Amino acid sequence: MEFGKKLKQILEFEDIRQKDFAAAVNIAPSTLNGYLNYGKQPDFEIVKKMAAVLKVSTDYLLDYNGKENEPPLTMKELVFLTKMRSLDKEKQELIFKLAEMLSKE
């Protein structure tokens, strides 16, 4: 997925206003608009700031999973992962253990 589409998807899903995000990353709203709508590419320092503000990895933001032939996450998977992120560590581990048990069957 293109960087701008991925970033737009995250901002919409997290209900973050573009103006607020641009301010948090310390870039002009017009610069953010270029990334979102016109195929412009940020430098790595900006990508790192964006990932930090969104609390995601740079790999996730760049839509890179190391598996070129694997499809990107579905919206359902994205919702699940976002909800997981808000759980405390103990609950996350419990869900992972349950998923591991179910995948063995």
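Helices here are DSSP runs of H or I with at least four residues, numbered from the N terminus. With that settled, one more caveat: what you see is a predicted model.

I'll start with helix 3, which covers residues 29–37. Just after helix 3 comes Gly39, and Gly39 takes a positive phi of about 70 degrees. Within the helix, Leu32, Gly34, Tyr35 and Leu36 are buried. What do the buried residues of helix 3 pack against? They pack against helix 1, residues 3–14, helix 2, residues 18–25, and helix 4, residues 44–54.

The structure holds one aromatic pair. Its members are Phe3 and Tyr35, with ring centres 6.5 Å apart and planes at 80 degrees, so the pair is edge-to-face; the cut-off for that class is over 60 degrees. Phe3 belongs to helix 1 and Tyr35 to helix 3, so the pair ties together parts that are 32 residues apart in sequence.

Are these two residues buried or exposed? Phe3 has 7% relative accessibility and therefore counts as buried. Tyr35, at 9%, also counts as buried. The limit for buried is under 20%.

Now to Tyr60, which is in helix 5, residues 58–61. The charged end of Lys6 sits over the ring of Tyr60, 4.0 Å from the ring centre. Tyr60 has a relative accessibility of 19%, so Tyr60 counts as buried, given that the limit is under 20%. Tyr60 and Leu7 are 53 residues apart along the chain, and their C-alpha atoms are separated by 9.9 Å.

Notes: Residues are numbered from 1 along each chain as its sequence is written. This is a predicted model: local features need pLDDT of at least 70, side-chain atom pairs count only at pLDDT 80 or more; totals for chains, interfaces and linings use all residues. Side-chain values use heavy atoms; hydrogens and water are left out. Buried means under 20% relative accessible area, exposed over 50%, partly exposed in between (1.4 Å probe, protein chains only). Helices (H or I, at least four residues) and strands (E, at least two) are DSSP runs, numbered from the N terminus. Contact means heavy atoms within 4.5 Å. Rings of Phe, Tyr and Trp (its six-membered ring) pair if their centres lie within 6.5 Å; planes under 30 degrees apart count as stacked, over 60 as edge-to-face and the rest as tilted. A charge sits over a ring if NZ of Lys or CZ of Arg is within 6 Å of the ring centre and within 35 degrees of the ring normal.
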